[in-house]
Amino acid sequence: NYADDVKLSIKDAMKTAIKNNSSLKQARLDVLSASYQKDLVETNKYPKIGVDISAFMVNEMETNNGPSSITLPGVPPPDNIVTLPPFNTKTPDHLYKAELSIKQPLYLGGTIKNNLEATSQLQKNKHDILLQAKQDVLFQTVASYFNVVRAQKSYGVEEKIIAMSKKNLEDIQVKFEAKAVTKYELIRAESDVLEAEAAFNQASSDLQNAKFELANVLHISPDFTLTDSFAFVETEPEVEKEIAYALKNRYDIKSFAKLNSAFEAQSKAVDSEYKPQLFFSASGGVQNPEMGLFGGDDNFGPTYQVGLVMQWNIFDGFKKNARKQIIDNDKYRWKAQQQLLMEKIKEEVRKACVNIVQSKKLVEISMKAQEKSGEVYSLVSVGYQNQKNTQLELLDARLQMSRSYRDLVNATFKHELARVQLDYIVGKFSEDTNPLIK
């Protein structure tokens with residue numbers, strides 16, 4: 001936060017807005033999340049290594065084996081026949097296994113490449129959205145800054161007007177006591193002071209509200225003093241050139257182009273998943289007691305297998321078509337949004353150019369009106385001192401001059417705001433932009 005009565009330039013305001021704005025912080029996090037998605041896709045090209053350790057309790061099974069006999073070769077009968085007694089056998093009641101496996105992708109049909117392209121384009125899309133959000137914040141900051149300047153200028157005008165009104169009332173009161181003016185002229189002067197006080201209070205309230213608005217945009221204390229002020233900067237915008245510049249340089253339009261590229265890459269990634277995929281696979285482990293897949297000559301005997309695995313998803317119930325249709329639908333939907341945005345930008349550029357031309361004329365008229373009203377007031381003041389003009393004529397001349405001052409302040413504000421608004425619409429705003437210079 002700024003300390004009391006800190007000096008705040010328009011460049012300081014723009015930098016502070018970029019630093020403190022909450023929506024920009026969120027947009028930066030979106031860019032970061034998109035980069036994590038890209039990193040996640042990268043992991044698919046690395047080998048997957050796993051360890052499987054298991055222990056099972058097995059139902060113990062006992063088998064009764066009856067008496068059996070064997071014949072001894074080379075021994076004359078009946079001595080060659082040996083009878084064995086009956087015996088029982090049992091299966092093991094426990095099973096322990098440990099296995100290490102590795103699976104390395106060798107060829108995935110372009111899945112990783114296409115998914116990397118999709119996530120890369122989405123990351124660029126989020127970055128363009130961030131840059132456009134910066135433009136939005138910068139214009140909001142400049143507009144609020146200009147509004148404070150306008151309010152300060154209006155406050156200064158009303159301050160001068162109320163001082164002149166009170167001085168005029170003092171003169172009228174003296175002359176009324178000397179019976180040099182009528183009661184009507186006195187009441188008219190008193191009414192003029194009341195009107196000036198009302199306008200001054202309104203200007204004071206307007207200034208405070210404008211400062212609070214700027215402070216809210218910047219997330220700072222409203223106790224600041226502006227160091228910059230706007231002035232009439234003549235410009236002649238060319239509508240078609242401005243439209244062409246906007247369509248080429250607006251970050252939100254660029255973001256749509258990146259999004260369209262991401263959808264195309266996603267569609268290719270889906271196709272890649274239905275191509276033959278080749279993996280290197282190896283596994284090895286031990287088991288006790290020896291049985292089943294691991295086998296071996298001894299308990300805990302090692303076993304291993306190494307080979308190539310090919311996977312090919314030939315048919316999945318039309319899931320592929322459904323996925324691609326969803327992607328295509330999103331692509332066409334966002335493309336339609338892009339077209340709507342482009343038409344909207346064209347309309348906004350035309351309106352901004354019209355506003356500049358109209359406000360320029362208004363400024364020129366207000367300048368001439370101010371010049372003429374100042375001349376009239378000077379002539380009437382001299383005439384009043386020489387008793388050639390009345391107090392009411394002097395009052396009317398001053399009111400006319402006051403209105404011309406107010407009109408000029410407001411006209412200049414409208415023109416300068418329209419000028420920077422055009423720069424914002426076509427995408428010329430940045431942290432290094434000085435909106436006071438054309």
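**Entry 1: the cavity**

Which residues line the largest cavity? I found Phe256, Leu259, Asn260, Phe263, Lys331, Trp334, Lys335 and Gln338 around it. A note on ground rules: this is a predicted model, where local features need pLDDT of at least 70 and side-chain atom pairs count only at pLDDT 80 or more, while totals for chains, interfaces and linings use all residues. Residues are numbered from 1 along each chain as its sequence is written, and side-chain values use heavy atoms, with hydrogens and water left out.

I looked for cavities of 30 Å³ or more and got 1. The volume of the largest cavity is about 30 Å³. My terms: on a 1 Å grid over the protein atoms alone, a cavity is a set of points where a 1.4 Å probe fits but cannot get out, and lining residues have an atom within 4 Å of a point. Points are joined across faces, edges and corners, and the volume is the space filled by probe spheres set on them.

Helix 6 (251-272) and helix 7 (319-385) are the elements that give two or more residues to this lining. I take helices (H or I, at least four residues) and strands (E, at least two) as DSSP runs, numbered from the N terminus. By class, the cavity lining splits into 4 nonpolar, 2 polar and 2 charged residues. Here Ala, Val, Leu, Ile, Met, Phe, Trp, Tyr, Cys and Pro are nonpolar, Asp, Glu, Lys and Arg are charged, and the others, Gly among them, are polar.

**Entry 2: the pockets**

A pocket is an open set of points with protein on both sides within 12 Å along at least five of seven lines. I read about 240 Å³ for the largest pocket. Its lining has 14 residues, and Val157, Lys160, Gln370, Tyr405 and Val409 lie nearest the centre. Helix 3 and helix 8 each put in at least two residues. The classes come out as 8 nonpolar, 4 polar and 2 charged.

The second largest pocket holds about 200 Å³. Among its lining residues I noted Met164, Asp171, Tyr377, Tyr384 and Arg398. Helix 3, helix 7 and helix 8 each supply at least two residues there, and the lining divides into 5 nonpolar, 3 polar and 3 charged.

**Entry 3: the rings**

I paired rings of Phe, Tyr and Trp (its six-membered ring) if their centres lie within 6.5 Å, calling planes under 30 degrees apart stacked, over 60 edge-to-face and the rest tilted. That gave me 7 aromatic pairs. Phenylalanine 146 and phenylalanine 230 have ring centres 5.4 Å apart and planes at 55°, so I logged a tilted pair. Phenylalanine 146 is in helix 3 (residues 111-177) and phenylalanine 230 in the loop between strand 8 (224-226) and helix 5 (239-249), so this pair ties together parts 84 residues apart in sequence.

Phenylalanine 230 also pairs with phenylalanine 413, again tilted, at 6.1 Å centre to centre and 40° between the planes. Phenylalanine 413 sits in helix 8 (residues 391-426), 183 residues from phenylalanine 230. Buried means under 20% relative accessible area, exposed over 50% and partly exposed in between, with a 1.4 Å probe and protein chains only. Phenylalanine 230 is buried at 4%, and phenylalanine 413 is buried at 12%.

What sits over the ring of phenylalanine 230? I found the charged end of lysine 153 there, 5.6 Å from the centre. For this I require NZ of Lys or CZ of Arg within 6 Å of the ring centre and within 35 degrees of the ring normal. Lysine 103 lies likewise over the face of phenylalanine 279, 4.5 Å from the ring centre. I also logged one aromatic cluster of Phe139, Tyr424 and Phe429.

**Entry 4: single residues**

Serine 154 is in helix 3 and is buried, with a relative accessible area of 15%. Leaving aside neighbours within four places in sequence, serine 154 contacts Ala203, Val409 and Asn410, taking contact as heavy atoms within 4.5 Å.

Tyrosine 304, in strand 10 (residues 302-311), is exposed at 69% relative accessibility.

Then backbone angles: most residues other than glycine have a negative phi. Phenylalanine 318 has a positive phi, near 70°, and glutamine 387 has one of about 60°. I placed phenylalanine 318 in the loop between strand 10 and helix 7, and glutamine 387 in the loop between helix 7 and helix 8. Phenylalanine 318 is exposed at 57%, and glutamine 387 is exposed at 73%.
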